[in-house]
Amino acid sequence: MAAAEPRLERLVTRRPLDYRAVVAPVAVVGGWAVLALMNPYFLTVANGLNIAGQFGILAIVALGELLVIVTGGFDLSVGSVAALATVVGARAVNALGPLGLPALALVGALCGAVNGVLIAHFRVQPVIATLGSMLGARGLALLLSDGGQTVALRPDIDLMPLGYGHVAGIPGTFLWAAGLAVAATVFTRRIRLGRRLYMIGSHAAAAELVGVPVRSTLVWAYALSGLSSGLAGLLLLSRAGAGLPTEGSGLELSAIASAVIGGAALTGGTGSPPSVFLGAFFIQSLLNGLNLSGISPFVAELVLGSVIVLAGLLDFAMRRIGDGPRRPSWGY
Amino acid sequence: MSSLEQRAEAARPVGTWDEAPAALSATGVVKSFGATRALRGATLALYPAEVHALVGENGAGKSTLVKILVGALQPDAGTLVLGEAPLHLGSVRDAVAAGIVPVYQHLTLMPHLSVTENLLAFELAAGSPLRGRPRRCTPADARAMLAQVGLDVDPRAPVGRLSLAERQLVEIARGLGRDCKVLVLDEPTAALHRGEVDRLFAAIRRIRDRGTAVLFISHKLGEIEEIADRVSVLRDGQSVLEGSPRAAVSSRTLIELMIGHGVEAGRIPAPPADAETLRVEGLTAPGVFADLAFSVRRGEILGLAGLVGSGALEAAAALAGAFPVRQGSLRLDGQPLPTGDPVAAHRAGVALLPGEREAAGVFPGLSALTNASASTLGELASFGWLRGRRERERILPWLHRLSVNPMAPGLPIERFSGGNQQKVLAIRSLAMAGMKLLAALDPTRGVDVGARAVIHEALAHAAAGGAAVVVYSSDLEELVALSHRVLAMREGRIVARFSTPVATSSVLAALTGAAP
Amino acid sequence: MTASAPIAVIRTRLAAAPASLYALALLFLVLALVVPRFATVGNLTNVARVAAILALAAFGQAVVLVTGGIDFSSGSSVALTSVVTVLLVPSLGASEALLAGCLTAVAIGAVNGSLVAWLELPPFLVTLGMLIAGHGLASLLVGGVPLEAPASLGLSRLSQGTAGGLPVPIAVAAVAFAVFLVLLRRTVLGRTWYLVGSNARAARLAGLDVRQSLLLAYVVGSLFVAAAGLILTARVSSGQPNLYPSLPFEAIAACAIGGVPLTGGAGTPAQVLAGVLIVAMIQNAVVLLNFSPSIQLMLIGGLTVGAVLVQQVAWRRPSRAWSAS
């Protein structure tokens with residue numbers, strides 16, 4: 001049926017309000033307000049630097065996770081891959097000196113690429129593929145560390161500056177994470193590969209129909225997520241001075257929560273690195289603040305879990321508001 | 001050769017066109033999806049600097065052919081030739097690189113991305129992954145592209161926020177914005193109003209005059225008359241008319257070629273003057289159909305006739321709760337029948353025979369028996385306990401009666417041919433005890449001749465058993481032979497009511513608004 | 001099928017048995033030959049005990065998988081069951097407390113099911129969130145430290161005792177298997193689950209109440225999980241937030257290895273049972289062979305991915321690729 005009556009042409013200059021972009025800043029400001037009320041020490045410079053130093057690792061992993069979430073998938077293996085990277089890295093550095101450092105990035109990227117191939121070429125669901133590699137990486141880490149022992153670095157190798165260094169009073173890890181966030185922002189906004197991730201997440205079938213090489217792009221996405229896990233592993237190794245095969249469990253869920261607070265929808269297509277950076281900051285602040293106030297860490301866990309479910313609800317609500325009432329997905 | 005085909009033969013092109021090389025030609029294209037043969041030898045030749053229209057009813061294979069021409073699908077057989085050289089398209093990227101640009105029927109926009117990025121989607125998809133953004137990505141460039149179709153929106157707005165018409169214009173602008181050898185437009189005017197269509201046609205003519213070959217797919221014959229230089233017709237996956245000059249073929253001929261001959265069903269005896277069972281009043285779904293009012297008696301078969309976009313299919317679906325209704329009422333045997341809820345409709349004794357098998361009908365991975373009994377589970381159980389023997393006793397006779405082949409009720413449904421799958425779907429409704437109303441949507445689409453006859457007989461049997469049957473079919477001959485009465489719909493309204501026997505041409509006239 | 005010679009009947013029945021049953025038989029043979037002390041009555045009883053818990057969780061998981069969903073929350077469900085039970089024992093007495101624990105698990109299932117059925121949220125999202133939140137809640141309720149139940153209640157007798165000659169856990173699992181079998185094969189509800197998982201849209205158009213059947217899938221699934229929770233609570237006789245955190249992953253692995261497709265619409269009880277036994281035997285063999293736990297992790301992970309791979313290649317029904325939902 002032809003469109004009913006002729007319409008007037010509309011000069012559409014509206015800037016749509018992006019609800020998602022608002023969540024992260026509000027969360028940080030609101031969260032800090034609440035946490036400061038609970039414990040005045042929270043608001044001190046020393047504590048702020050403390051948070052800044054700790055959250056770098058989470059931020060790096062969350063940025064990698066964002067890339068995958070944007071495509072509509074997610075990566076449960078990041079914590080285990082980071083742990084594996086520290087173990088392999090420790091051994092590599094012990095054997096090759098500083099030349100061994102790239103091993104961490106390589107290990108991460110390789111694990112990520114395996115995920116990507118399983119998901120894109122063999123069409124295994126992201127849940128299963130990344131779950132499998134999570135278990136596999138953890139197992140490998142335990143294996144390579146003689147059953148879970150920390151792998152100490154040689155005494156003559158000192159990576160402490162990398163992990164604890166300061167530049168003009170600002171913790172080094174914070175700067176690393178910030179630098180990566182800048183790189184990620186450029187990547188997602190200006191590089192074709194980055195835009196293709198959003199195209200796939202927004203409407204995968206359409207992306208294919210305009211010629212996006214979906215499968216290889218997805219492999220890139222998971223490889224980059226693995227790479228960021230490897231880089232996080234590098235920082236972990238520097239701070240601990242040893243490979244830690246049992247570290248990082250639970251990191252993936254914090255990373256997903258950070259991304260979600262940063263405005264990424266788990267259905268894909270949205271999410272920006274600066275917001276995710278803020279989201280990671282929020283999560284870390286929460287953990288820090290609750291710890292300071294002596295509140296059980298399990299509350300934080302409860303909050304994390306609820307955040308993930310709430311994310312789905314929030315997504316649902318925003319879609320409802322945006323599109324108006326819709327038919328159930330099982331209709332004609 | 002029938003008179004129809006004689007006329008088609010007379011309209012074949014002669015002379016100049018055969019001498020210039022085609023910009024893009026497809027010969028003998030065959031494509032199957034599992035049990036469904038979408039294309040069975042389609043042929044198309046597009047020449048530079050002309051608008052070539054392709055018409056055909058739903059399921060004729062138009063969209064499949066488009067996807068093959070632009071590299072989104074690979075044909076099972078057939079050849080593509082670009083200019084002089086054979087063409088092999090492995091993906092849409094290859095096609096776009098070769099100068100073939102698609103504007104798809106079902107919009108391929110990315111809702112989260114801005115208008116500008118969607119306009120440049122082909123560029124973003126092509127090239128090395130590490131390249132930066134394409135060159136023409138300023139808002140000014142975007143506005144220039146949009147101006148071609150007369151759309152004025154903020155290029156930075158996410159596409160998901162635009163109205164359907166605006167999105168369609170963005171999709172079109174994306175296609176027009178590239179220099180190309182072949183531009184493929186699949187139903188570009190579905191959501192547009194007159195003013196926008198005029199602007200679009202002006203843009204198309206400009207592009208044509210620059211030398212591009214334009215493939216224009218539409219079911220709106222009025223528009224074809226306006227814009228097309230030549231016309232081809234697809235029916236049931238085959239080319240029944242190849243590139244005749246549009247002036248040489250009347251709309252009447254086109255429609256007759258599109259919907260073709262159905263199978264002569266047996267004469268249905270006139271229904272007894274039984275009680276009215278279904279009453280429809282004021283049924284309205286904005287933008288689809290409006291103010292429908294009719295009634296159906298027990299034992300009667302009512303045919304809803306209408307071309308794509310007339311709302312006839314949607315109206316038939318709405319009777320079974322499968323299409324949402326904004327206003328109006330349905331009454332079944334005096335009781336109000338809930339709209340928009342297939343579960344409630346089913347409980348009230350309404351059955352649906354869906355037209356799109358794969359999407360809406362078949363349960364893949366499950367056996368024919370399970371597929372057939374899906375709507376009768378309640379009847380076949382006592383207190384939630386499903387009685388296997390009762391299930392077989394109820395369904396097996398139907399499988400025999402409809403000659404389902406192979407007679408293997410435990411076989412997974414995918415192993416059956418399209419026609420046999422459709423028979424199983426029919427049994428799902430027919431096996432319902434106490435069925436008061438059966439809505440059949442294109443029940444014989446993509447089904448071979450033998451299966452068609454069987455399904456027709458089954459529908460007649462259902463009516464004879466006391467149910468009211470409403471059938472929508474895009475095959476007019478079939479509809480007229482099958483029904484006791486026919487309602488013709490155009491642009492969402494009932495424009496004529498006929499009692500059979502009636503000449504197909506009279507119904508056709510009503511469908512197109514032409515004089516009989 | 002017409003009547004045929006007995007041999008032909010046996011042959012068709014053998015051919016119809018799931019591939020995982022053959023894998024199970026093969027694995028058993030290999031392990032019996034290679035691993036010392038594997039094929040003893042004592043050891044096999046141990047395997048059966050472990051398998052019983054996993055089986056209960058796997059039955060619940062399979063019910064949800066058939067509808068095309070997934071359930072990660074069983075790890076926290078069993079933890080909450082144990083915590084709630086032990087907390088309420090002083091005020092309610094043993095049997096009422098156990099019931100309350102049971103109801104907790106069912107409540108979780110009901111919440112999962114409601115969110116999936118009515119708000120159409122992706123199951124992995126909802127149940128993953130439940131897993132984490134549930135663990136947090138369980139930890140919170142006992143202050144992070146396992147809470148011992150008074151020994152006088154003899155909860156552990158439930159787990160050590162026998163019923164009908166079989167150790168209680170195995171007896172419970174056997175009964176549960178019978179219920180599971182009947183549910184999937186012989187009830188309208190079970191049949192509806194298959195139809196919904198196969199093509200939810202067609203199911204709705206055929207007049208089936210998709211929402212209700214989805215809700216019931218998660219609730220019924222949680223009943224099986226509740227049973228597992230009760231047995232585990234009895235075994236450790238305490239409320240533990242970290243009772244069995246990997247349970248959902250092992251249950252999913254068992255189903256996948258058994259051959260239940262994660263895309264929904266298919267899967268038989270025999271497949272689930274075979275998968276459970278395979279996983280239990282591997283875990284047992286790893287312990288007997290003194291392999292490090294890392295090998296076990298890798299094996300299970302690798303097998304799961306491998307099983308899904310095989311499914312995708314052989315099943316020929318393309319899953320909804322790439323996306324999480």
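Which residues of β9(B) are buried on one side, and which on the other? Here are a few notes on that strand and its surroundings.

1. This is a predicted model, in which local features need pLDDT of at least 70 and side-chain atom pairs count only at pLDDT 80 or more, while totals for chains, interfaces and linings use all residues. Residues are numbered from 1 along each chain as its sequence is written, with chains lettered from A and ligands numbered from 1 in the order in which they are written.

2. To the opening question: B:Arg230, B:Ser232 and B:Leu234 are buried on one side of β9(B), and B:Val231, B:Val233 and B:Arg235 on the other, which leaves both faces covered. Buried here stands for 20 or more other C-beta atoms within 10 Å of the residue's own, with exposed at 12 or fewer, partly exposed in between, and C-beta atoms placed from the backbone. Six of the six residues of β9 (residues 230–235) of chain B are buried, so the strand is largely enclosed by the rest of the structure. Strands (E, at least two residues) and helices (H or I, at least four) are DSSP runs, numbered from the N terminus.

3. The neighbours of β9(B) are worth a look. Strand β3 (residues 50–55) of chain B runs parallel to β9(B) and is joined to it by four bridges; B:His52 has B:Arg230 as its bridge partner. Two strands count as paired if DSSP finds at least two bridges between them. With β10 (residues 238–245) of chain B, β9(B) pairs in the antiparallel sense over five bridges, and B:Val233 stands opposite B:Leu241. Two residues lie between the strands of this hairpin, and B:Asp236 takes a positive phi near 50 degrees there.

4. Chain B also has an open sheet of six strands with mixed pairing, in the order β16-β19-β20-β13-β21-β22. β16 (350–353) and β22 (493–499) stand at its edges with a single partner strand each, so one side of each is left without a neighbour in the sheet. On average, neighbouring strands are turned by 20 degrees against each other, direction ignored. β16(B) pairs with β19 (residues 437–441) of chain B in the parallel sense over four bridges, and B:Leu353 is partnered by B:Ala440.

5. Helix α11 (residues 312–319) of chain B packs on this sheet, touching β13, β19, β20 and β21, and its direction makes about 150 degrees with that of β19(B). Helix α19 (residues 504–512) of chain B lies across β13, β21 and β22, running at about 25 degrees to β21(B). Axes are lines fitted to C-alpha atoms, for helices over the stretch in contact, and angles run from 0 to 180 degrees between N-to-C directions.

6. Chain A has 13 helices and four strands, and 58% of its 332 residues count as buried. Helix α2 (residues 45–70) and helix α10 (residues 214–240) of chain A have axes that come within 7 Å and cross at roughly 175 degrees. That makes α2(A) roughly antiparallel to α10(A), a label used for angles over 145 degrees.

7. Finally, the contact between the chains takes 33 residues from chain A and 47 residues from chain B, where contact means C-beta atoms, placed from the backbone, within 7 Å. On the side of chain A that touches chain B, α8(A) gives the most, with seven residues.

How values were computed: Contact = placed C-beta atoms within 7 Å. Parallel < 35°, antiparallel > 145°, perpendicular 65-115°, else oblique.
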